[in-house]
Amino acid sequence: MNIPSTATARPGLAAESITKRFGPVQALRDVTLRFPPGQVTALMGENGAGKSTLLRILTGDHQPTAGRIRLDGQVIDLDSPTDARRAGIRIIPQEPEIIPHVSVAENVYAGSLPRRPGRRLDRAELRRRITADLERLGFDKVLDPDLLGSELTAAQRQLVEIMRALTGDTAPRAIAFDEPTSSLSDHEVDALFALIGRLRDAGIAVIYVSHRMKEIFRLADRIAVLRDGTVAGTVDARATSEGELVRLMVGRDLSSLFARQHVAGDRVVLEVDGLSTDDVHDISLQVRAGEVVALAGLIGAGRSELALALAGDTPLRSGTVRIDGDRIRLRGPADAIRAGIGLAPEERKAQALFLQRTIRDNTSLVSLGRLRRWRFVDRNQEKALAQEYADRLRVRAPSIEAEVRTLSGGNQQKVVLARWLARKPALLILDEPTRGVDIGAKAEIYQIIADLAREGTAILVISSELPEVLGLADRILVMQNGRITGRLDHTEATEEAILALAMADDLTPDLPHETATAPRAETDPAPGGTR
Amino acid sequence: MTTALSVDRELDQSGGRPTPATDARNWLARTGGQNLGLIGAMALVLAVFGWLNPNYLSWNNIQVIAEAATISGLLAVVQTIVIICGGLDISVGSQAGLASVTSAMVFTSTGSNSLLGIGAAVAIGAGIGIFNGVVIIYGRVNPTIATLAGLAAYKGVAQLISNGSAQGYVLNDSLFVFLSRGKIAGLPVMVWLLLLVAAAVHVLLRYTDIGRNIYALGGNDTAARLAGINLNKYLIAVYALSGMVAALAGVLLTARTGSGQPVSGSEGLELQAITAAALGGCALKGGKGGVGGTLLAVALLGALQNGLTVQGINAFWQNVAQGALLVAAVVIQQRRARERAVGLPA
């Protein structure tokens with residue numbers, strides 16, 4: 001890659017005594033932080049600690065109530081994202097903004113497309129520019145400029161955002177990455193980190209926001225921790241520990257995130273045999289009462305698709321699903337719910353929550369059948385139910401009449417869990433239950449999962465965080481290209497073993513299931529795994 | 001957050017005996033800002049026109065206002081459900097016209113059988129509603145476009161079967177006379193019908209699981225689907241209900257004018273219905289709103305229209321006012337939602 005090096009003894013980007021109020025809420029209080037050029041500064045903190053607000057102020061999206069921003073010593077006024085862009089401050093947002101029906105090239109230069117007289121698009125110049133930029137940045141192998149926005153994978157969408165940040169009239173001087181890895185698989189993360197390394201070496205101040213400790217230790221030079229809108233501390237990444245960071249973030253110790261006993265019984269709750277849909281193929285698996293089975297794999301391996309199929313949302317092409325030995329028909333989600341299957345889906349805001357409605361409404365939704373007399377909902381019973389589960393899951397809110405949109409990510413996830421727990425499902429499927437959840441709530445969610453297992457619920461967890469998979473699961477099923485490619489017991493599972501299975505034969509996406517997957521040594525083709 | 005409280009039970013445990021202050025606060029919270037605004041506007045309208053013309057606030061004129069608002073009020077009440085689902089039905093006016101003609105023609109051709117006439121109109125309404133729902137769901141046609149097409153087509157059907165002219169005479173029948181001129185406890189029957197339908201819809205939305213599911217599917221259809229709600233069934237039923245109530249409005253139109261009207265009296269009702277629902281606080285993207293707000297808005301629009309007419313203000317101006325009110329209602333709504341003013345609204 002060829003990014004002009006600007007590394008000299010410049011002070012870089014600095015926030016000075018930034019305070020931000022939204023009405024009565026004080027989001028940031030007197031935050032002073034420096035982001036030196038040629039270094040990766042990680043920004044950590046629980047959800048609501050003020051990371052996003054700070055990023056938005058640095059990139060001109062919000063204006064501070066008080067305080068200044070300096071770039072290389074000079075105070076700069078950022079009245080809009082355009083100002084920030086012009087000053088050389090760029091952000092790679094968590095959810096890339098991609099225009100679906102136009103090409104990668106047009107997506108990258110959207111807003112400043114090369115033109116010929118008469119405002120016609122200059123296709124030749126566009127082609128020349130994208131080819132040159134792709135090559136300069138080393139993306140020419142991974143990003144086809146002719147693909148449409150809608151055809152891109154999560155990683156490619158992010159590359160488009162990165163290209164937007166690194167092209168343009170002014171050279172980038174500071175780049176912020178907002179949880180860039182949350183929808184990337186592990187090898188895509190490696191490629192991203194290599195790129196960030198090159199940006200750093202080119203003298204750019206890199207701001208890296210993430211919840212993931214391992215990534216931060218791999219990548220960061222300095223770590224700044226925010227707590228409740230103030231700077232809890234800035235530490236040297238080489239001279240700190242996970243424990244210290246957690247203490248800075250939550251102000252207390254979380255010694256054992258995963259305090260889980262393995263309590264699986266013998267009774268098989270879920271038995272899937274030869275299930276295929278448009279996206280997954282020949283899936284056979286069992287989950288016992290009290291057992292936590294994790295589905296591991298790369299993004300796009302078909303794990304969420306399997307979850308949606310089991311929840312009755314996608315039609316089965318073949319195969320059978322049994323709950324407690326009874327074969328069930330899955331014509332729609334209602335069938336799955338009736339059979340005792342609950343799904344907390346991957347995108348809780350888009351797929352599970354009614355943000356404008358109360359905690360009570362959101363909790364009772366799938367239990368209304370039980371709460372009604374004739375067709376009238378019994379308010380008192382409903383309140384009691386919502387209150388019971390809000391208490392049990394320790395949902396932090398002023399009352400169960402609070403609208404769900406006002407809650408933090410972790411508490412929203414607890415509301416989704418409360419909805420299903422209130423139905424007492426036989427099988428609970430949790431798709432990325434801790435994504436975007438702060439570390440305190442994470443520990444609580446792990447505890448909830450452990451408690452449910454102890455009460456005999458069968459649990460199927462999908463997670464892209466390997467430590468979570470290892471910490472939670474009794475058994476691990478690894479998926480790739482819509483198939484189960486490996487089964488591991490918790491005693492034999494390691495991150496390396498899971499990754500090896502997840503990337504077993506790197507089938508190209510163009511040749512899907514025709515390429516048969518050879519059983520590997522660790523693979524136990526019989527349903528029920530290796531125990 | 002570490003500072004946040006756990007869910008507390010203060011609301012339930014505030015000592016059993018609510019103080020007047022908490023009573024007032026609860027009432028305010030239940031009524032909501034939007035409705036308070038409507039009540040304020042209503043008071044203003046009544047005060048201004050009452051001051052300009054003392055007869056405006058007479059019991060007689062208030063009955064005139066209520067009767068005039070009944071037909072658009074019925075349509076506004078069902079429009080509320082449709083909008084809460086995230087849909088829209090702009091064919092309600094044309095449906096009412098078609099139902100009006102149908103009721104009169106069936107009445108005439110069955111030897112003055114008013115029950116058959118009304119029944120046929122309501123059945124046609126239900127059929128059209130189901131057809132709208134099927135076109136929207138299985139044809140994948142955006143609700144606005146589908147019912148815009150219906151607005152033109154159903155009006156055309158009404159004109160075709162009636163040859164474009166008023167049909168029959170119904171005020172020789174006691175049931176139609178009762179509908180148009182009858183009174184119960186001093187209130188016109190028409191107004192009672194509106195209140196009855198409004199109360200039924202209110203109970204449906206607020207107190208039944210059906211209502212919960214309607215709010216759910218309008219608020220987030222993916223989440224509603226994954227919660228096991230049969231979206232297609234609900235949407236088709238809601239459009240069918242919309243058609244049936246539109247047909248009821250058409251029957252009342254027949255009763256009021258004495259004959260089946262293909263176009264006159266029903267044209268433009270969809271605009272009034274949508275304006276009332278939007279003013280009453282229904283979010284046009286669905287999931288939010290209620291009958292109470294809509295009824296207040298219907299009353300406000302009725303009072304305003306009557307006041308302007310009483311003052312002899314040109315009807316053309318009333319059209320301008322109507323359009324302006326609809327836009328103003330939505331602008332207020334969107335400002336509250338704090339949507340960023342970039343590109344097309346969501």
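In chain A, an open sheet is built from 6 strands in the order S6-S9-S10-S3-S11-S12, with mixed pairing; strands are DSSP runs of E with at least two residues, helices are runs of H or I with at least four, and both are numbered from the N terminus. Two strands pair if DSSP finds at least two bridges between them. Strand S6 (89-92) and strand S12 (230-236) of chain A are at the edges with a single partner strand each, so one side of each lacks a neighbour in the sheet. From one strand to the next, the twist averages 20 degrees.

The model described here is predicted: local features need pLDDT of at least 70 and side-chain atom pairs count only at pLDDT 80 or more, while totals for chains, interfaces and linings use all residues. Residues are numbered from 1 along each chain as its sequence is written, and chains are lettered from A and ligands numbered from 1 in the order in which they are written.

Ile92(A) stands opposite Phe177(A) of S9(A). Helix H5 (residues 154-166) of chain A packs on the sheet, where it touches S6 and S9 of chain A, and its direction makes about 175 degrees with that of S6(A). Angles run from 0 to 180 degrees between N-to-C directions, and axes are lines fitted to C-alpha atoms, for helices over the stretch in contact.

Turning to chain B, helix H4 (residues 92-109) packs with helix H12 (residues 269-279) at an angle of about 130 degrees, their axes 6 Å apart. That makes H4(B) oblique to H12(B), the class left when angles under 35 degrees count as roughly parallel, over 145 as roughly antiparallel and 65 to 115 as roughly perpendicular. Val92(B), Gly93(B) and Ala96(B) of H4(B) meet Leu269(B), Glu270(B) and Ala273(B) of H12(B); contact requires C-beta atoms, placed from the backbone, within 7 Å. H4(B) is mostly covered, with 16 of its 18 residues buried (20 or more other C-beta atoms within 10 Å of the residue's own, again placed from the backbone). Just after H4(B), Gly111(B) has a positive phi of about 65 degrees.

Finally, the contact of the two chains takes 39 residues from chain A and 28 residues from chain B. On the chain B side, helix H9 (209-219) and helix H10 (221-226) each supply at least two residues, and H9(B) gives the largest share, 6 residues.

Key:
A residue is buried if 20 or more other C-beta atoms lie within 10 Å of its own, exposed if 12 or fewer, and partly exposed in between; C-beta atoms are placed from the backbone.
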